[in-house]
Amino acid sequence: MIEILTPAEVERARETGALVADILQTMKSRARVGTNLLEIDEWTRQMIVDAGAESCYVDYAPSFGRGPFGHYICTSVNDAVLHGLPHDYALADGDLVSLDLAVLKGGVAADSAISFVVGNARPQESVALIEATEQALAAGIAAAGPSARIGDLSSAIGTVLADAGYPINLEFGGHGIGSTMHQDPHIPNAGRAGRGYRLRPGLLLALEPWVMLDTDVLVTDADGWTLRSATGSRTAHSEHTIAITADGAEVLTLPSGR
Ligand code: MG
Ligand code: MG
């Protein structure tokens, strides 16, 4: 099902989006060498509760995961890229961390993900992966507008990732979002311009380019959730929730004060 939100619902989505962005930025600023992934999960839980919001993850039990997720944020480190289950692990210098968060507030969900390197190390390979996903996300947003089609967004995202030399996995991609976290339409991270559903004002989309350095094959951890690169190579993930407006696209998951 594809939801078209009312202006009042889009207004509430702005609040949810700002909350998601503020939590992610707070976690990024607190994450340092020695921070445990379970601490990040607990800090996130507390911020969601304090904001009067609900987690989209705790009870989430889709076909691609094992039972309810049971945590508040996805913490994917190094070769882990999607759905990383928080566990007892202390971050080390140079770790590439991807945090993915979706919450529901005022009946509207927002979803965003960021990747960054912990500590003082700046491995060029990791920096390049992160930049490619951020640039692909920006290209997807720039391609979004009231007359664009889903294929235009997919093509814009996929072109940046391919030009950067990364393989593209099409199993997981962007999606519609609204009263629930995951809705139609699906937005593959590569595709042909001019194809697919035509966007319209009031549609909310989560765009989320992600890549693995040298493979398009994912493997699942024994925890039933965490997805890693099959080669053990580094990975990155960037996601924003956007609202289609009469004259373009508005990014809803920007931190407040920016
Ligand atoms: Mg997400
Ligand atoms: Mg998403």
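This is a predicted model: local features need pLDDT of at least 70, side-chain atom pairs count only at pLDDT 80 or more; totals for chains, interfaces and linings use all residues.
The account begins with the two magnesium ions. The magnesium ion (ligand 1) is coordinated by Asp 100, Asp 111 and Glu 239, with Asp 100 listed for two OD contacts, at 2.0 to 2.7 Å. Along the sequence, the donor residues of this ion follow the spacing D-x10-D-x127-E. Asp 100 belongs to strand E4 (residues 96–105) and Asp 111 to strand E5 (residues 108–117), so the pair ties together parts that are eleven residues apart in sequence. Asp 100 is buried, at 9% relative accessibility, and Asp 111 is buried as well, with a relative accessible area of 2%.

A distance of 3.1 Å separates the magnesium ion (ligand 2) from the magnesium ion (ligand 1), and Asp 111 coordinates both. Asp 111 in strand E5 and Glu 208 in the loop between strand E8 (204–207) and strand E9 (210–212) form a pair that links distant parts of the chain, 97 residues apart. Glu 208 is buried, its relative accessible area being 7%.

Buried positions in H3 include Ser 126, Leu 129, Ile 130, Thr 133, Ala 136, Leu 137, Gly 140 and Ile 141. In general, an α-helix has 3.6 residues a turn, so residues three or four places apart point the same way.

The aromatic residues form a further theme. The structure holds five aromatic pairs. One of them joins Tyr 57 and Phe 69 in an edge-to-face arrangement, with 5.8 Å centre to centre and 70 degrees between the planes. Both Tyr 57 and Phe 69 lie in the loop between strand E1 (54–55) and strand E2 (74–77), so the pair ties together parts that are twelve residues apart in sequence. Tyr 57 is buried, with a relative accessible area of 5%, and Phe 69 also counts as buried, at 6% relative accessibility.

The rings of Phe 64 and Phe 172 have centres 5.4 Å apart and planes at 85 degrees, so this pair too is edge-to-face. Here the partners come from distant parts of the chain, 108 residues apart: Phe 64 is in the loop between E1 and E2, and Phe 172 is in the loop between helix H4 (150–163) and strand E6 (174–176). Phe 64 is partly exposed, with a relative accessible area of 32%. Ring pairs link Tyr 57, Tyr 60, Phe 64, Phe 69, Phe 172 and Trp 225 into a cluster.

One further contact involves an aromatic ring and a charge. The charged end of Arg 30 sits over the ring of Trp 43, at 5.1 Å from the centre of that ring.

Key. Residues are numbered from 1 along each chain as its sequence is written. Chains are lettered from A and ligands numbered from 1 in the order in which they are written. Side-chain values use heavy atoms; hydrogens and water are left out. Rings of Phe, Tyr and Trp (its six-membered ring) pair if their centres lie within 6.5 Å; planes under 30 degrees apart count as stacked, over 60 as edge-to-face and the rest as tilted. Helices (H or I, at least four residues) and strands (E, at least two) are DSSP runs, numbered from the N terminus. Buried means under 20% relative accessible area, exposed over 50%, partly exposed in between (1.4 Å probe, protein chains only). A charge sits over a ring if NZ of Lys or CZ of Arg is within 6 Å of the ring centre and within 35 degrees of the ring normal. Donors are N, O and S atoms within 2.8 Å of the metal (3.2 Å for Na, K and Ca); water is not among the atoms, so sites may look incomplete.
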